[in-house]
Amino acid sequence: MIGIIMAIRSAINQLKKEIKCTVSTSKAELQLHGQNETGLPEAPPDAVLYPENTQQVSEIMKVCNEHECPIVAYGIGSSLEGHHLAIRGGISLNMSKMNKILKINYEDMDVTLQPGITRKALNEELRASGLFFSVDPGADASIGGMAATRASGTTTVKYGTMKENIIALEAVLADGRIIHAGTRARKSSAGYDLKNLIVGSEGTLAIITELTLKLQPQPEKIASAVCSFPDIKSAVDSVITMMQVAVPIARVELIDGQSVKAFNKATGKNMPILPHLFMEFHGSESSVNEQIVTVEEIVKDNGGNEFNWATKTEERNALWEMRHNAFYSVKSMFPNSDAISTDVCVPISKLSEVILETATEIEESGIPGPILGHVGDGNFHSLLIMEKGNHDARKAALKLAENMSKRALKNGGTVTGEHGIGLGKIKFMESEHGEGWNIMGDIKRALDPKNILNPGKLVRSN
């Protein structure tokens, strides 16, 4: 322990002398970078660095590698499984100053940018271009953080995850080498796919310093709708049918009755306390109208109620803002509480069964646990609430989260569709991947033999 403390101090002293970027060791900043959203223990770093370009990141990595000093990339700290926590001390590499759009290629519909820009800032810059970036995880996350966790969200059912929307990237390895993976061509058969190895690696293999993203044309028509159902099963069965008949819906979100109650309190609305689907349709005038007719028939067949429409931009924005603020709306219902936000993803044919089993177990536990989901791709979330300091409630909530993961694996799914592994779900990696998890460790050791990049996350600890 004394050895690693001395190594970290030596690295920080050298960085302060040699690297021309902001280096902070203020207590307030360290505490800020050691916090997280869902009640994991705080883990502040020993210093926070703010690089401004790739070369600085490379020089920082060389120093950290020399001293075997841990280093963790930091976007805005919105991850839900503790990815950004410096659990072994060392450096928090805050990428917020690397936030420039480098080039927009309008004809090819792609953009090259630095990782510190957030998705909302990107789309604000794109607003007048007729293009937009589609991946929408809810939080105004940094693009680099979204790439590192292979993020997805409400629009994934139509436009795909970060994996499908990253064309190329630049990254710095543990020893300071700078690599480029992928090109602006839309496909390639040239060698190992290093791009998709780094995307989703949660900062354990490299620090992403530049990204080229696929953009989408703004749809001719966008229409959003809300519809209530008598129970969760009828709502989920409606979504399964939509997917099976290939309705190209842009968003379809399940909101259970507990979540609706929280939304009503937060926004002053008066939606019935029933399960709802929030939906959005993108396309030409005729294609959107065709989608709506088909979905209305499906919903009616499953006992759903009439649609409430939001067609004006401000109405649609308010609708999705309400959905994206679900975490805070639910938490506000339970003052003096902590929350565990967890997600799983299963094959669409198993979705109704798994959600119903989960909802039943949560109800029987007495722990408040609203369920929401990007159900069009089989992904759903629960926000498990427990009173601060109540160890029995925390134990019960953790057990519910564990059973969700086990249930997903039993039904051919994954323990996380979009939150990632980080600290929170590392114990399930062997169950999901078997020997494949050991191979991930081999790759980690090959690229980061001193285990300085986000140590203790995703792969088996050295």
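Guide: We begin with the rule for pairing: two strands pair if DSSP finds at least two bridges between them. In this predicted model, an open sheet of seven strands follows from that rule, with the order β15-β12-β14-β13-β17-β18-β16 and antiparallel pairing.

Visitor: Which are the edge strands?

Guide: They are β15 (308-310) and β16 (337-345), each of which pairs on one side only. From one strand to the next, the twist averages 20 degrees.

Visitor: How many bridges join β12 to β14?

Guide: Eight bridges join them; β12 covers residues 221-228, β14 covers residues 276-283, and the two run antiparallel. As one instance, Lys221 has Gly283 in β14 as its bridge partner.

Visitor: Which strands does helix α10 lie across?

Guide: Helix α10 (residues 257-267) lies across β13 (251-255), β14 and β17 (371-374), and its direction is at about 95 degrees to β13. Helix α15 (residues 391-410) also packs on the sheet, where it touches β16 and β18 (379-387). The direction of α15 makes about 165 degrees with that of β18.

Visitor: How is the packing of one helix on another described?

Guide: Two packed helices are described by the angle between their axes and by the distance between those axes. Take helix α9 (residues 232-244) and helix α14 (residues 351-365): their axes come within 9 Å and cross at roughly 155 degrees. Because angles over 145 degrees count as roughly antiparallel, α9 is roughly antiparallel to α14. Their crossing is right-handed.

Visitor: Which residues of α9 and α14 meet?

Guide: On the α9 side they are Ile232, Lys233, Val236, Asp237 and Ile240, and these meet Leu351, Ser352, Ile355, Leu356 and Ala359 in α14. By class, the residues of this contact comprise seven nonpolar, one polar and two charged.

Visitor: At what angle do the axes of α14 and α15 cross?

Guide: The axes of α14 and α15 cross at roughly 165 degrees and come within 11 Å. That angle makes α14 roughly antiparallel to α15. The crossing of α14 with α15 is right-handed.

Visitor: What residues make the contact between α14 and α15?

Guide: From α14 come Val354, Glu357, Thr358, Glu361, Ile362 and Ser365, while α15 supplies Leu400, Asn403, Met404 and Arg407. The residues of the contact of α14 with α15 divide into four nonpolar, three polar and three charged.

Notes. Residues numbered from 1 in each chain as written. Predicted model: local features only at pLDDT ≥ 70, side-chain atom pairs only at ≥ 80, totals over all residues. Heavy atoms only, no water. Axes fitted to C-alpha atoms, helices over the stretch in contact; angles between N-to-C directions. Helix = DSSP H or I, 4+ residues; strand = E, 2+ residues; numbered from the N terminus. Parallel < 35°, antiparallel > 145°, perpendicular 65-115°, else oblique. Left-handed = near helix turned anticlockwise from the far one by under 90°. Contact = heavy atoms within 4.5 Å. Nonpolar A, V, L, I, M, F, W, Y, C, P; charged D, E, K, R; others polar.
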